[in-house]
Amino acid sequence: MLLLMTILTGIIYPLFITAVGQIVFSDKANGSLYTEDGKVRGSFLLGQNFTDSIYFHSRPSVINYNPMPSGASNLGLTSNLLREQFNERKGNFLLINLLDSAKEVPCEILFASASGVDPHISNKLPIFKFRE
């Protein structure tokens, strides 16, 4: 029974699921890759560090956009380091976009995602303010 279940759940089932993923959902199963001129340029699901001002600003990343050690900083709302990062990111965003300091900034621009590589920024404007 152990040998049968090992073959069934350890070999046949994973191969079957992989085949279904490749045949039915090949784009998603391969990481939703973005290609340009036949070359892979990135993924639609992973944030990237854009340093040139001509690009859209990516969501901050604690792990420098490296998907291998995916993770968050785990800083809480009482953390002084988080407050400093928040203020620095907000100041940079307002400066780069030539906005007045009273403007509201989406939370996704100010806080890194839990995975550290999430590129999504909502079209809503969730606002966060630290309590003094």
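# Notebook: looking around a predicted model

I started at arginine 41, which touches Tyr34, Thr35, Glu36 and Gln48 once residues up to four places away in sequence are left out. I looked up where arginine 41 sits, and its place is in strand β2. Its relative accessible area is 42%, so I wrote it down as partly exposed.

**Overall layout**

Next I stepped back to see the whole protein. I counted four helices and two strands. Reading from the N terminus, I get the order α-α-β-β-α-α. The protein has 132 residues, and buried ones make up 21% of them. I also looked up the surface: the protein exposes about 10000 Å², with 60% of that supplied by carbon and sulfur atoms. Then I checked contacts with a separation of 6 or more, and residues 24 or more positions apart account for 43% of them.

**The loop between the strands**

I went back to the strands and looked at what joins them. Aspartate 37 lies in the loop between β1 (33-36) and β2 (39-43). Its relative accessibility is 72%, so aspartate 37 counts as exposed. I checked its backbone too: phi of aspartate 37 is near 55 degrees, a positive value in a residue that isn't glycine. I flagged this because most residues other than glycine have a negative phi.

**The loop between α3 and α4**

I searched for another positive phi and landed on leucine 98. Leucine 98 is not a glycine either, yet its phi is positive, at about 55 degrees. It lies in the loop between α3 and α4. Is leucine 98 buried or exposed? I got a relative accessible area of 76%, so leucine 98 is exposed.

Serine 101 is in the loop between α3 and α4 as well. At 64% relative accessibility, serine 101 counts as exposed. Leaving out residues up to four places away in sequence, I found that serine 101 touches Lys90 and Leu94. I also took a distance: the C-alpha atoms of serine 101 and glycine 91 are 7.8 Å apart, and the two residues are 10 apart along the chain.

I then looked from the other side of one of those contacts. Leucine 94 touches Leu99, Asp100, Ser101, Lys103 and Val105, again not counting residues up to four places away in sequence.

**The nonpolar core**

Leucine 94 turned up again when I looked for nonpolar cores. The largest one has nine residues: Leu82, Phe86, Phe93, Leu94, Val105, Cys107, Ile109, Leu110 and Phe111. Which helix gives the most to this core? It's α3, with four residues. I noted that α3 and α4 each supply at least two.

I picked another residue in α3 to compare notes: asparagine 92 lies in that helix. Its relative accessible area is 38%, so asparagine 92 is partly exposed. I took one more distance here, and the C-alpha atoms of asparagine 92 and leucine 110 are separated by 9.9 Å. Along the chain, asparagine 92 and leucine 110 are 18 residues apart.

**An aromatic pair**

How many aromatic pairs does the count come to? I got one. It joins phenylalanine 86 and phenylalanine 111, whose ring centres are 5.5 Å apart. Their planes are at 40 degrees, so I logged the pair as tilted. For that label I needed the cut-offs: under 30 degrees would be stacked and over 60 edge-to-face.

I also looked up where the partners sit. Phenylalanine 86 lies in helix α3 (residues 80-96), and phenylalanine 111 in the segment after α4 (107-110). The pair therefore ties together parts that are 25 residues apart in sequence.

Finally I checked how covered each partner is, remembering that buried means under 20%. Phenylalanine 86 has a relative accessible area of 5%, so it is buried. Phenylalanine 111 comes out at 16%, so it is buried too. Both names are already on my list for the nine-residue core.

Key
Residues are numbered from 1 along each chain as its sequence is written. This is a predicted model: local features need pLDDT of at least 70, side-chain atom pairs count only at pLDDT 80 or more; totals for chains, interfaces and linings use all residues. Side-chain values use heavy atoms; hydrogens and water are left out. Rings of Phe, Tyr and Trp (its six-membered ring) pair if their centres lie within 6.5 Å; planes under 30 degrees apart count as stacked, over 60 as edge-to-face and the rest as tilted. Buried means under 20% relative accessible area, exposed over 50%, partly exposed in between (1.4 Å probe, protein chains only). A nonpolar core is a set of buried Ala, Val, Leu, Ile, Met, Phe, Trp, Tyr and Cys residues joined through side-chain atoms within 4.5 Å. Contact means heavy atoms within 4.5 Å. Accessible areas come from the Shrake-Rupley method with a 1.4 Å probe; for residues, only the protein chains shown count as cover.
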